[in-house]
Amino acid sequence: FIQMLRGTKKRDVLQLLRRAPEEMLPFIVEAAVAAQSAASLAALSDFLDVSKEPKSLLEKFLYAAAFSPRPSVELLHLVLDKLDGKQLSPEVWETGILAVGSLVAKLCQQKLCGLQEVERGVETILEGLRGAREESEVVIYLLALGNAALPETIPILLDHAEEGPIAVTTAAISALQRFPAQHISSEVKRAMRRIFHEKRKSYDKTCRLAAAEILLESQPLPMDVINILLATNELEAETATFLLLKVQSSLRADHHHPARKIIKDILRDPRINNYNFFSKAGISSSFSGPLAVTQDLLSTFRLDLLFLEGGFLRKSVSDFSLLSHSRRLHAAQVTIEAQGMESMLGENVLEGEEEPELSARMSTVFFDVQLRPVVFFQGYTDLMAKVLLSSGEPTSVVKGNLLLMDHHQVIPLQSGLQVAIKLQGGLGLDISADMAVSIWEQELKTSINARGSLAIDFQAELDAPFLQATLRSQTEAETSIHFDTMLRFSSSPVLMCLQLREEQVPYR
């Protein structure tokens, strides 16, 4: 369909969009974005009316742009045009700002950072951040900077990480975690130390742990590892347990973990590697391990679970990553956070800590693109309304078809002939999540469902006046992963059930 659209005039693409049945329209919009021909982008520009279109169709368009493997400057121009000065619903605006960040990063990877349109994209995010009044707006702009991953924005992220309220600090640190290790400078490390050791003010435990993670993951200094381990003596049991397991899991991570050798050397010292340190009795956990290993690629799965002292799940992170030639790709990372549960469980907030509002939200990074965060509930009234009026329907995080690979190359042979090679890869994707809180049963259930199908089309063509030959291969694979957690906190100890189900993968 994409190949067909690339040879089609604007008039015909526009007619196709206007006459398509409603259920086919999202598919055609995604294909038109993926085609990225001048005609298809011009047709989309005319067709997509921000004031009239349903927000679901505009979100489809923006996500298709964000995931584009090699976006053009014209595509960024179209996205900025649709966002500029329009009255948009919050969902479309948030998706659009995050898409701008993703497009800026990919255009900079193509060495197009100096172009006027790319600079306009960066300025759109920075101006918005400077003018943002609402905390939720600041968070979106910071996450967009994480998508863009521009080294020159690191000082801005550090400023928000150290000075902001919980939600802003969390967003700024998670944006910093998206940067490759070479950009985690000594200045970044100094700021992370101040946050972890609470030199300027007190921080939420999740922010402190994220700061420790940056120090441990980016060419760590032995002194940092020692100080983090020594600090576990002062931390409450759950936070200390989580941190110690984080350190230990890096030892199991073959040779790819940057801290492995340093931690191994430090743990030779019996003053640190002893029962007093490593016998913290919390139920929080951190696990990571390989899923598949080849000569060029390492695929890993990581699961982090941080609990409150009363046994309530504070934060869970499930991460599927690919490592190849010292580059990391977050294939999928889903974070579920619940805040303010301490007051519901009758726990006291630690002295100096601000009491966060009762809320639960989910954040997803897919193929290195941060998606719009999903809020399950915000505040006690909203929670009660959701409990009483729950439809039982999961919340859709992202659903659609994406072009992941788009490669065209002509190779001259020694004989003087030429071979044209085309490679395209498409992904059909449906990720949904659900969180159900039962006050009466005293249960919390979360479920993340990810279904995907991948199709790869390869074609090599030799075309000469006296000879024509074509080699073609098509590959298809489907899979679905379901990750469920269930907590029952009516009794002590808290009962917890975790289930990761992977359905059989048909591979053709």
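View 1. A residue counts as buried under 20% relative accessible area, as exposed over 50%, and as partly exposed in between. This is a predicted model. Glu198 has a relative accessible area of 29%, so Glu198 is partly exposed. The residue sits in the loop between helix 12 (186-196) and helix 13. Its phi is positive, near 50 degrees, and Glu198 is not a glycine.

View 2. Helix 13 covers residues 205-217. Its 13 residues, at 1.5 Å a residue, should span 18 Å. The end C-alpha atoms are 18 Å apart, which agrees. The helix is mostly covered, with 12 of its 13 residues buried. Gln219 follows helix 13 and has a positive phi, near 35 degrees.

**View 3. Ala149 between two helices.** Ala149 lies in the loop that links helix 9 (135-148) and helix 10 (154-163). Its phi is positive, about 50 degrees, although Ala149 is not a glycine. Is Ala149 buried or partly exposed? At 25% relative accessibility, Ala149 counts as partly exposed.

**View 4. A nonpolar surface patch that includes Phe1.** Five side chains are shown here: Phe1, Met4, Leu16, Met24 and Phe27. They form a nonpolar patch on the surface. Together they have about 420 Å² of accessible area. Phe1 lies in the segment before helix 1 (2-6). With a relative accessible area of 40%, Phe1 is partly exposed.

View 5. How many bridges join strand 8 to strand 9? There are 16, and the two strands run antiparallel. Strand 9 covers residues 418-438. The hairpin has 5 residues between the strands. In this hairpin, Gly416 takes a positive phi near 95 degrees. In a regular strand, side chains alternate between the two faces of the sheet.

Methods: Residues numbered from 1 in each chain as written. Predicted model: local features only at pLDDT ≥ 70, side-chain atom pairs only at ≥ 80, totals over all residues. Heavy atoms only, no water. Helix = DSSP H or I, 4+ residues; strand = E, 2+ residues; numbered from the N terminus. Expected span 1.5 Å × (residues − 1). Buried < 20%, exposed > 50% of the residue type's maximum accessible area, 1.4 Å probe, protein only. Patch = residues over 30% accessible without salt bridge, like charges linked within 9 Å, V, L, I, M, F, W, Y side chains within 5 Å. Areas by Shrake-Rupley, 256 points an atom, 1.4 Å probe, with all protein chains shown as cover. Salt bridge = Lys/Arg side-chain N within 4 Å of Asp/Glu carboxyl O. Pairing = 2+ DSSP bridges.
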